[in-house]
Amino acid sequence: MTDRPLKVLIAKPGLDGHDRGAKVLARGLRDEGFEVVYTGLRQTPEMIVTAALQEDVDVVGLSILSGAHMTLVPRVCDQLRAKGLGDVLVAVGGIIPDDDVEPLRAAGVSGVFGPGTTIREVADFIRANATPREA
Amino acid sequence: MTEPGGSPAERAAALADAARAGDRRALARLLTSVENHTAVAEQALRLLYPLAGGAHLVGVTGPPGAGKSTLVAALIAQLRASGRTVAVVAVDPSSPITGGALLGDRVRMQSYASDDGVFIRSMASRGHAGGLAATSTSAAAVFDAAGFDVVLLETVGTGQSEVEVAAAADTTVVLEAPEMGDEVQAIKAGLLEVADIVVVNKGDRPGAQRTAAQLRAMLTPPGESGRADGPSARRPDVLVVTALTGEGVPELLAALDRHRADGAAEAAPAARRARAAAQVRAVLAERLWERLASPSLTPTTDAALERVARHETDPYAAADALLAALGREEAP
């Protein structure tokens, strides 16, 4: 099977409890034909990276509405690289001030999506940028 | 971990060695290959299959919302406390429309991020209908060969007849929630017949003990009702568990261990042969389809399918014709 679905991890790092957006996205990406691993609320960077490694995902999507993205997201990216998962596409969604976008990109984030983003935009971004892994 | 390079056989050997040596990324990558039916996966499984067989394969099945993932999480905790390593294959359904899937079983299994003795892998069913994914048994064999003591196979939420897990596992746990039906439900054929252990989960709910009592009364082994060669000659244990709090989980683990110890003497050879038959049958079907889809046979195959679709012939005649076509290919 060469046309296997891309596998996407959707996680909410940190303490904010607003997971509606992450769930809507997880469901929407399911409908776009992705295999979505949803890990839920209150994930530490370590939990997210362990899940990404065990699930061998192509994409990690982080949903953050708390404002803690400058602390949590670079940690996830660093730990992904440390585990040899530097080729996994990282995208962040939530309330991200414009000024933070460049630093996040520098940390290893490929896509930053704010309010008003459609599911289709995220799906198209993933299809265009993820590299499916083959052993 | 070595980067892809070399022949499939070389890459398979490198990945299999690394996975057995404890390289978790190599193990994860190997499982992806298995899911995707790659040439590397086939080579790796040939290497790993003879090394498997030491793990206790435990199937966990039951209707959606009965608490399978929560019970698996509770079992992981109990198994870790007893010093055993645990791998989980957690299957959720793929969409028949888009092929996408929402794999949500990890939500209940959060606490093991830094524990190398636990490895959880979610799998989409990818169109397979028996409660597992087509590759779940192979994934379990990979975990087995990688040295995990226990492999928990969690099925999709099942209805009444997804009994495939019983062939894939040494011990099958069927989960029920309280008040899901009366005694007539308990005597219907199907899922409950393949249970080695029946767990009534949500034991803190009213009705749990009553449900367990009804199940105990009705789950008479077929042997006692006249057929000695029935599907299960044992009366399954019926346990009441509250997975969320861990109440009853030590007793469940004891029952699992007991079943394994007993099984080694009794039903195990037959169960293992049934599992082997299921695995070989699956590969055989796959191989047949692959050959029917080969360039030389594709026109014949397509024509046969088209004729069945138009009701010009029946599926039996078409299958016989395709087998005959395969035979002609084979002849020198």
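Reply: Happy to. Let's begin with a definition: axes are lines fitted to C-alpha atoms, for helices over the stretch in contact, and angles run from 0 to 180 degrees between N-to-C directions. One word of care before we go on: this is a predicted model.

Me: Then let me try that on a helix over a sheet. Which strands of chain B does helix H4 (residues 68-81) lie across, and at what angle does it run to S5(B)?

Reply: H4 of chain B lies across S1, strand S2 (86-92), S4, strand S5 (150-154), S6 and strand S7 (197-200) of that chain. Relative to S5(B), its direction is turned by about 175°.

Me: In what order do the strands of that open sheet in chain B come?

Reply: The order is S4-S2-S5-S1-S6-S7-S8, 7 strands with parallel pairing. Strand S4 (118-124) and strand S8 (237-240) of chain B are at the edges; each has a single partner strand, so one side of each has no neighbour in the sheet. From one strand to the next, the twist averages 20°. For a look inside the sheet, take strand S1 (residues 56-61) and strand S6 (residues 171-176) of chain B: they run parallel and are joined by 4 bridges. B:Thr61 stands opposite B:Val174 of S6(B).

Me: Now the other sheet. Which strands form the open sheet that includes S3(B)?

Reply: Here 6 strands follow the order S5(A)-S4(A)-S3(A)-S1(A)-S2(A)-S3(B), again an open sheet with parallel pairing. The edges are strand S5 (111-113) of chain A and S3 of chain B; each has a single partner strand, so one side of each is left without a neighbour in the sheet. The twist from strand to strand averages 20°.

Me: How many bridges join S2(A) to S3(B)?

Reply: There are 3 bridges between S2(A) and strand S3 (residues 101-103) of chain B, and the two strands run parallel. One pair to find on screen is A:Glu35 with its bridge partner B:Ala101 in S3(B).

Me: How should I read two packed helices?

Reply: Two packed helices are described by the angle between their axes and the distance between the axes. Take H2(A) and H3(A): their axes come within 9 Å and cross at roughly 40°. The crossing is right-handed. A:Pro45, A:Glu46, A:Ile48, A:Val49 and A:Ala52 of H2(A) meet A:Leu72, A:Arg75, A:Val76, A:Gln79 and A:Leu80 of H3(A). Those contact residues divide into 7 nonpolar, 1 polar and 2 charged.

Me: And at what angle do H3(A) and H4(A) pack?

Reply: Helix H3 (residues 69-82) and helix H4 (residues 98-107) of chain A pack at about 20°, their axes 9 Å apart. That makes H3(A) roughly parallel to H4(A). The crossing of H3(A) and H4(A) is right-handed. H3(A) makes the contact through A:His69, A:Met70, A:Val73, A:Pro74 and A:Cys77, and H4(A) through A:Asp100, A:Pro103, A:Leu104 and A:Ala107. These residues divide into 7 nonpolar, 1 polar and 1 charged.

Notes: Residues numbered from 1 in each chain as written. Chains lettered and ligands numbered in written order. Predicted model: local features only at pLDDT ≥ 70, side-chain atom pairs only at ≥ 80, totals over all residues. Pairing = 2+ DSSP bridges. Parallel < 35°, antiparallel > 145°, perpendicular 65-115°, else oblique. Left-handed = near helix turned anticlockwise from the far one by under 90°. Contact = placed C-beta atoms within 7 Å. Nonpolar A, V, L, I, M, F, W, Y, C, P; charged D, E, K, R; others polar.
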